Amino acid sequence: MRVLLIGANGYIGRFVADRLLADPAVQLTALGRGDDADVRFDLATGSPGALTRFLDAVHPGVVVNCAGTTRGGARELTRHNTVAVATVCEALRRSGCGARLVQVGCSAEYGPSQPGSSTAEDAVPRPGGPYGVSKLAATELVLGSGLDAVVLRVFSPAGPGTPAGSPLGRLAEAMRRAMQSGDGELRLGGLGAQRDFIDVRDVARAVHAASLSAAQGVINIGSGRAVRLRDAAATLARVAGYGGALHELDGPPGALRPTIGHPRAESVGHRVDALGHHRADGLGLHRPDALGGRGERGDAEHAAPAPHPYPDGCGSWQQADVRTARDRLGWRPRIALEESLADIWMEAACRI
């Protein structure tokens, strides 16, 4: 099976590449903006015609799109997350290769959910910010393209390679600094939100399964269990062997900073809202499922609307209903959050 992978250098894309390369039946070609891509092509500026000619030459059976960005304003998000997908869809329509499209989407497309509920694929999407809107628009383009296509809506990825500026990455960095300096207290803000964390290696398995399946439409990829950020912090402390006290600071997400020792001391110089998908105004959080051509690179600069004061636009709660992934892909999450956190800690501890 010939697979064209777009965005192989992104956070999710790197693990998807590893998973596909481990399948002896797969012949993989990587397309992206980086110098180490097999073929250099920028979806945001390249023409559908040029991509069509490449598809006709390579003739893949599957195209996996992990490309995009979480950084920038509405214009850049639209260009890299929506226009880029329009280019892929149009090129596939023109091409004679007949390839199946696997598009990596995002739970930010749903927006806030009712606390205690599980979000199924038939939920009405109400994204709370430009990033979610740009990803939702891409999903609608895929679903309306008439192609053999599936969109995997990935919830909050975690595990090895998690960026240091991500929610769990920030927790690990603050803890590392506390342990390095011998501080017996770690004060963190914004830990009340609950998110559905899924290990990035399980996400890669889902992409592989979707590539081989005939499933179409939208499929959620998550653990099926919301975890409060303060509980994740406690687990991380246990994994790290941090014996100090964890104190949660009061206040809305996006307004607080991690501190070590005295409440006014900053440990990493950024706000730890620890909520999910991308940062707001350069100081909140970003989604660690960086996906792009060089990796979905970072931190979308927007604030959530007033009713949902969370930087990822997803409110206080998100939890996936993952029954469709089980039934149509034969996929279940395998890696527990504690293992994901152990890998995050291992990488953080190695930073000097």
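**Reading the sheet and its cores**

An open sheet of seven strands, in the order S3-S2-S1-S4-S5-S6-S11 with parallel pairing, runs through this predicted model.

User: Which strands stand at the edges of the sheet?

Analyst: An edge strand has a single partner strand, so one side is left without a neighbour in the sheet; here that holds for S3 (39-40) and S11 (217-221).

User: How many bridges join strand S1 to strand S4?

Analyst: Four bridges join S1 (residues 2-6) to S4 (residues 62-65), and the two strands run parallel. Within this pair, Leu4 of the chain stands opposite Val63 in S4.

User: Which strands does helix H1 touch?

Analyst: Helix H1 (residues 11-21) packs on the sheet and touches S1, S2 (27-32), S4, S5 (100-106) and S6 (149-154). The direction of H1 makes about 165 degrees with that of S1. Helix H3 (residues 74-94) also packs on the sheet, touching S1, S4 and S5, and its direction makes about 165 degrees with that of S5.

User: Why look for groups of nonpolar side chains?

Analyst: In soluble globular proteins, such side chains tend to be buried together. In this model the largest nonpolar core has 34 residues, and Val16, Val64, Leu152, Ile221 and Leu329 have the most contacts inside it. Helix H6 (residues 200-212) gives the most to this core, with seven residues.

User: What is Leu152 in contact with, leaving aside its neighbours within four places in sequence?

Analyst: Its contacts include Val102, Val104, Ala206, Ala210, Ile221 and Leu329. A second, separate core of 30 residues includes Ile6, Cys89, Ala91 and Tyr110.

How values were computed. Residues are numbered from 1 along each chain as its sequence is written. This is a predicted model: local features need pLDDT of at least 70, side-chain atom pairs count only at pLDDT 80 or more; totals for chains, interfaces and linings use all residues. Side-chain values use heavy atoms; hydrogens and water are left out. Two strands pair if DSSP finds at least two bridges between them. Contact means heavy atoms within 4.5 Å. Axes are lines fitted to C-alpha atoms, for helices over the stretch in contact, and angles run from 0 to 180 degrees between N-to-C directions. A nonpolar core is a set of buried Ala, Val, Leu, Ile, Met, Phe, Trp, Tyr and Cys residues joined through side-chain atoms within 4.5 Å. Buried means under 20% relative accessible area, exposed over 50%, partly exposed in between (1.4 Å probe, protein chains only).
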